[in-house]
Amino acid sequence: MTDAVAPKTLQSVLAAIELLRSHYARLRQTHGGEVADELSTVLALLDEVDFARPDLDHLKPSGHGVTRSLSGNLASRNGTVADVLAAFRPLFPALPWRYSYEPRADLPGLENSMAWAELVGPIAPFGSRNVCLGITAIGPRVRYPEHRHPAVETYYVLSGTARWTAAGVTQERVPGSFIVHPSNIVHVMETADEPLIAAYTWSGDVETLSTFADA
């Protein structure tokens, strides 16, 4: 039986998504190259999503362990993304956080230290087989190891700073950073003393799951 989702929660999720879409539209105008190209793709695909017909079975709080890292001070330290963080933050306990990799003995506890809450996608409150949109959370002092996926991915950092490595190049990514991962590029994220919270999108093959590069 489906647990009831409070109308206020659903309205707040929709408002947060709409705010994020407005940021993407602004970023498309202020960035060129692959950022503008991918955001044009994502925004066009989001326009096709039927936000009026949510699947509430996929809007249940999962109680994932990563939420323990999201209850403290989560300053964005970047005024340009503070409104998006403020829109999503009250929703964190109500979101459907999940982790899709098989647990590994050489990565103990990783399954409880990071997760993502998909809001648009094949298994999400707002269904789509062409685009995903959600929030990724990685707890403090966690290394999300080398992984890849066929989908083109973007991240929009809302809180926390992480060392980000893609195609062998490492950069420190701070709130407000926007990152594009081309299809199947191997990438790594590593947090320090604060959790990382970032909005993400997938386009292209959004139904094939991410895999660790050494799998």
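Mentor: Go ahead, starting with Arg141, which has a relative accessible area of 60% and is exposed. Keep in mind that this is a predicted model, where local features need pLDDT of at least 70, side-chain atom pairs count only at pLDDT 80 or more, and totals for chains, interfaces and linings use all residues. Residues are numbered from 1 along each chain as its sequence is written, and side-chain values use heavy atoms, with hydrogens and water left out.

Trainee: Why is Arg141 called exposed?

Mentor: Set its value against the cut-offs: buried means under 20% relative accessible area, exposed means over 50%, and partly exposed is in between, with a 1.4 Å probe and protein chains only. Arg141 comes out at 60%, so it counts as exposed.

Trainee: What makes its backbone worth a look?

Mentor: Its phi is near 55°, a positive value in a residue other than glycine. Arg141 sits in the loop between E4 and strand E5 (143–148). Those labels are DSSP runs numbered from the N terminus: helices are H or I with at least four residues, strands are E with at least two.

Trainee: And why is Asn184 called partly exposed?

Mentor: Its relative accessible area is 39%, so it falls in the in-between class. Asn184 also has a positive phi, near 65°, and lies in the loop between E9 and strand E10 (187–191).

Trainee: How do you know which class Glu18 belongs to?

Mentor: Its relative accessibility is 47%, so Glu18 is partly exposed. You'll find it in helix H1.

Trainee: What makes a group of residues a nonpolar core?

Mentor: They must be buried Ala, Val, Leu, Ile, Met, Phe, Trp, Tyr or Cys residues, joined through side-chain atoms within 4.5 Å. The largest one here has 42 residues, and Tyr24, Phe88, Phe92, Trp97, Tyr156 and Leu158 have the most contacts inside it. Among the elements that give it two or more residues are helix H1 (7–30), helix H2 (33–47), helix H3 (79–88) and strand E2 (114–121). H1 supplies the largest share, seven residues. Another core, of 23 residues, lies apart from this one and includes Tyr144, Ala162, Trp164 and Met189.

Trainee: Why would such side chains end up together?

Mentor: In soluble globular proteins, nonpolar side chains tend to be buried together.

Trainee: What counts as a contact for Trp97?

Mentor: Heavy atoms within 4.5 Å. Leaving aside neighbours within four places in sequence, the partners of Trp97 include Ser62, His64, Leu70, Phe92, Trp116 and Ile135.

Trainee: How do you know that the length of H1 fits a helix?

Mentor: The expected span is 1.5 Å times one less than the number of residues. H1 has 24 residues and should therefore span 34 Å; its end C-alpha atoms are 35 Å apart, which agrees. H2, with 15 residues, reaches 22 Å, close to the expected 21 Å.

Trainee: Which residues of H2 are buried, and what covers them?

Mentor: Val35, Ala36, Glu38, Leu39, Val42, Leu43, Leu45 and Leu46 are the buried ones. Their cover includes H1, E2, E4, E6, E9 and E11. On H1, the buried residues include Leu10, Val13, Ile17, Tyr24 and Leu27.

Trainee: What makes up the packing of H1 and H2?

Mentor: The helices pack at about 145°, with their axes 9 Å apart. The axes are lines fitted to C-alpha atoms over the stretch in contact, and the angle runs from 0 to 180 degrees between N-to-C directions. Arg21, Tyr24, Ala25, Leu27 and Arg28 of H1 meet Ala36, Leu39, Ser40, Leu43, Leu46 and Asp47 of H2.

Trainee: How does that contact split by class?

Mentor: Seven residues are nonpolar, one is polar and three are charged. For the classes, Ala, Val, Leu, Ile, Met, Phe, Trp, Tyr, Cys and Pro count as nonpolar, Asp, Glu, Lys and Arg as charged, and the others, Gly among them, as polar.

Trainee: One more: why is Thr211 called partly exposed?

Mentor: Its relative accessibility is 39%, so that is its class. Thr211 belongs to strand E12 (residues 211–212) and, neighbours within four places in sequence aside, touches Tyr101, His147 and Arg148. Thr208, in the loop between E11 and E12, is partly exposed because its value is 34%.
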